[in-house]
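What follows is a short walk through selected backbone features. Please keep the sequence and the coordinates open while reading.

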Amino acid sequence: MNALRVTTTRIFYAVLLLLAVLVLNFTMMHLAPGDVADTIAQSMGGADEETMAQIRADYGLDKPFIVQLGSYLGRVIRFDLGYSFYYNQPVTSLILQRLPATLLLVFTAQLFAMIVGVVLGVISARRPNGILSHFVTFISLFGYSAPVFWTGILLLIAFSLKIQWFPVAGMRDVTLEGGFWVQTLDIIRHMVLPTITLGSIFLALYSRLSRASMMETLGSDYVRTAKAKGLTEREVVYKHALKNALSPVITLAGLQFSAVISGAVLVETVFAWPGLGTLAFQSILARDTPTILGILFFSALMVIVGNLLTDFVLRLVDPRLKGRA
Amino acid sequence: MKLRTKNLLAASLIAAFSAGAAVAQDTPKAGGTLVVSLPGGTPRVLNPAVQSGTATGMPGTQLFASPLRYDDDWTPQPYLAKSWEVSDDGLKVTLYLQENATFHDGTPITSEDVAFSVDVIKQYHPFKSMFAPVESVDTPDEHTAVLNLTTPHPALMLAMSGQLMAIIPKHIYGDGQDPKNHPRNNENVVGSGPFKLVEFKPGEHVILERYEGYWEEGLPYLDRIVARIINDSSARAIALQNGEIHMATFESEPTIINRLKSDAELTVTKEGYGGIGAIDWLAMNTTHGPLQEVKVRQAIAYAIDKNFILKALMRGTADEARTGIHPDSPLYTPDVEAYDLDLDKANALLDEAGYPLENGKRFDLNIEVPGFPGYKAQTEYVKAALSKVGINVTVRAHPDFPSWAQVMGNMDFDLSFDSVYNWGDPVIGVNRTYLSSNIGKGVWSNTQGYANERVDEILAQAATEMDSEKRKALYAEFQEIVAEEVPIYYINAVPQHTIYSNKVGNPPQGIWASSSPMDRIYLKD
C-alpha cells in the first residue's frame, strides 16, 4: 500500500533527524569551554585537581571526543539514555519523573489559552472597532510581549501575597493531609497561576487568529445567506461561522506541540514547578550532557511523533493528500 | 515536668525584675512540621562524606551527625562525641562517643564507623586538607576512637563539625560499592543524625522525619522538616512573606534582604555564617602585564571606593572584609591597610610603577564577570572607577560557570570578581588561594599566581601550631602581608542571611548556618 510506504519513509527520516539532533547537540556541548566537572566542583565549594581528574575519569570525560560520542550513540540505539552526571540517576527515570508535571501544565495552559483566546477573538470580531475589541487586542498583546517571569512574579505578588488566594511555589503541599479530592484540589490551586502565566503567551496567538478568521468567515456568502434566512445573530455566529473559523485554530494547536518544553522552562522556574523545564534549565547550567540530550531526545521524539500523527490523520481525512510524499 | 516549673519560675523572676517588659523565653515545644527552602537547589547527593556544598549540607547534617558541633563563639561542643582529648604533642585525638547513639536502622554507632567514615572522607571528600595528617584510626573499644596524626593539626576540630565529618554506617557503605556513587546516598539513607529520610524528590523537595531512636532524650523537637527546592529568589521571598515557608537560609540578594527586613512577621539575620565564611573579592592575576607590579595592584585598590560598593550596590547588607579570613572568624584581623579611596595616591603609585598617563590612558586590562549571578554591577563599577585613573577596562561576560571557571583555572584573566568560602579553618578553605604550590590548579585555587615565601612559611607553620595565641599571631602576619601585596582586593563578606518566621524558635545557631543539626529548632503556636 502506498500510504504505508510513505509512512515508513517518514519514520526512517524521523529516526535520522533524531540522530542528527543528538550528534549536533553533543558536539555543541563538547565545544563549549569547561564541563560538568567544573559545576560539580562549584556545588562542592571547590575541589582539588585530583578530585577533578577523578570526576572526569568516572564519567569518561577524559576520553577523546569521538569515543565519547560513539559510546553515547551506541547506548541511545539500545534505548539507554545513560546516567546523569549531576544527579547521579538514570536519565530516563529522571525525565519520566518530571514529564507528567510538565504535560499537565502545558496541556492545561494550551487549553486555557485556546478557549479564552477563541472566546475573546469571537467577541472582538463581532465589533472589530468597539472598545471591547481594543481591550482584547491590548490584553493579548500584553500577554504575548511581557516576559513570562515578570508576568509570573506580578501574579504572585497580586494573588499570593496581597490577596492570598493561591500558593507561591510547587505543585502540591506535602504537609497537607487528606484523600484524593483534597489532593486534587490542592494541585488545581497550585496550577492556577502557572497556567495563566504560560497561557498568556499563547492567548494572543489564538485570539488574533480566531478574530481574523472569524471576521473573514462573517463576511462570506453563506453567512449572509444564513442571515437572510432570518436566523438570529447568535445562531449565525456560533452555529455557522465559528465551526468554519475554528479550523485554522486547530491547526495552530497542532503546531504548538513544539512549544511544549520551551515555554515551560521559565514558568516552571518562577513557580518551582517540578517539571522538565526546570530540569532542562538546571541541567544546562550544570553542563549535564546526558540529561540535556535526554530531554532533547524526548522533546524531539514528541514533536516528530506529533508531526507524524498529524500527517497520518490529514492523509486519512483529506483525499487530496493521498500518496504524496 | 520539673524542668518546666524551673523555667516558669525563672521566667517569672526575670519578668518581675525587668519591670513589665515581655522577656519570658519560650519553652521549646515538641511537634510540628518546619518548612524551609533548600539552599542551593537540588543536592547532588545527601551524603556529606562524599560531597560538600550548602545544598548537601542542609539535609546532610540532619541525616548525619558529626563528632562535634560549634556554638556562636566558635567553641566546640559535644555532639556524637560526648567528650574528646587532644594529646600534649597534638598527635593523638581521642573521641569518646555517645554510648546509646544508633543509626536509623537501630544499629549502634561505634568507633568502627568513625574509623570507616574518616577513611571515606579522606578518600572521597573534595577537601583533602581536612584529614590529610590523619594516618590511622585506632578503635580500642566500641565507643573510643583514636585519630593518629603525622603532625599536629589544629584544623581538625572544625573539620569534625557541621557537614565536614558525617559519621556514616560501615555496614551500609562498606559493601564494596563506590561510596561516591553509592545508591544509598539518595535513597533509603541510613544516617546517624536527628532526622531520617522520608522522601527525596530532585527538583521538588527533601522530606525528613524525626528519628525516634535519637540518643538525646526529647530531641529533636520537630516531627518533620520539609526542605523545598525553590530556585527563584523572588518566589522564595514571596513564599516567606505569605507563610508558605518558615525559613530560608543563604539568602544574599540585598534588595530582597532589605525588603523582608521591614516585614514584622519575619526576622532577618546574618548571624551564623562565619564558619562557611564566604567573601567577595576582586582577584588580580599577578603573573603577567602591569599587575605583576605591587604598586599597580595597590593603585587599583586605592582607586576603588569600597564604600560605594557596600552602600550603593550591597545596600548596607554586607560587612566590610579586609582580608581573606571572614570577619566573623576569631582569626580575622582588621588591622591591615584598608585602602580607603584615594585617587591621588592611586595616580602617584601608577606613575611610580612606570605607567604614565598618555592621552588620558595608562594601560588596558580585562575584567571577567563570574559565571554565577550577582556581580555584574560591581564589575561595571570597577570599570568606571579605574577609568578615572587612566586604566581602560574591558568587561568580558561568561554565559555560565564552566566557561568562567576555565578562564580562571587557566589564569587567562587580569581581573575578576570572585566569591570564595573559608569552610571553617584557614587550612581548609583559605590556604588554597595563597600557597605557591597551588598555583593555577583550577577554579578556586591560587588563580592569582601569588607566590611569597614568607606566606608559604607562615601558612605551613600555622597549620601545625597548637597554641591558639601563637596561631592567631601567625595568621595576623599573613593577613598583613597579603593586604600589603594585594593579589586580591577584598570587598565584603557575602551578605548571606537567614530569614525566618517569628514562629520559629531556636533558628540555626553556631557558625554553620543551615549546615548544622536542627534538633533544637521548634515551632511556636
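Strand E14(B) and strand E16 (residues 415-421) of chain B run parallel and are joined by two bridges. This is a predicted model, in which local features need pLDDT of at least 70, side-chain atom pairs count only at pLDDT 80 or more, and totals for chains, interfaces and linings use all residues. Residues are numbered from 1 along each chain as its sequence is written, while chains are lettered from A and ligands numbered from 1 in the order in which they are written. Strands (E, at least two residues) and helices (H or I, at least four) are DSSP runs numbered from the N terminus; two strands pair if DSSP finds at least two bridges between them.

E14 (residues 363-368) of chain B also pairs with E15 (residues 391-396) of chain B, in the parallel sense and over six bridges. Ile367(B) has Val395(B) as its bridge partner in E15(B) and Leu415(B) as its bridge partner in E16(B). With helix H11 (residues 376-387) of chain B, E14(B) and E15(B) make a right-handed β-α-β unit (with the strands pointing away from the viewer, the path from the first strand over the helix to the second runs clockwise).

Most residues other than glycine have a negative phi, and most peptide bonds are trans. The bond between Leu219(B) and Pro220(B) is cis, with omega about -10°. Pro220(B) lies in the loop between strands E9 (205-210) and E10 (224-228) of chain B.

Phe79(A), not a glycine, has a positive phi of about 60°. Phe79(A) counts as exposed because it has 7 C-beta neighbours inside 10 Å (exposed is 12 or fewer other C-beta atoms within 10 Å of the residue's own, buried 20 or more, partly exposed in between, with C-beta atoms placed from the backbone). Ala513(B) also has a positive phi, near 50°, but counts as buried because it has 26 such neighbours inside 10 Å.
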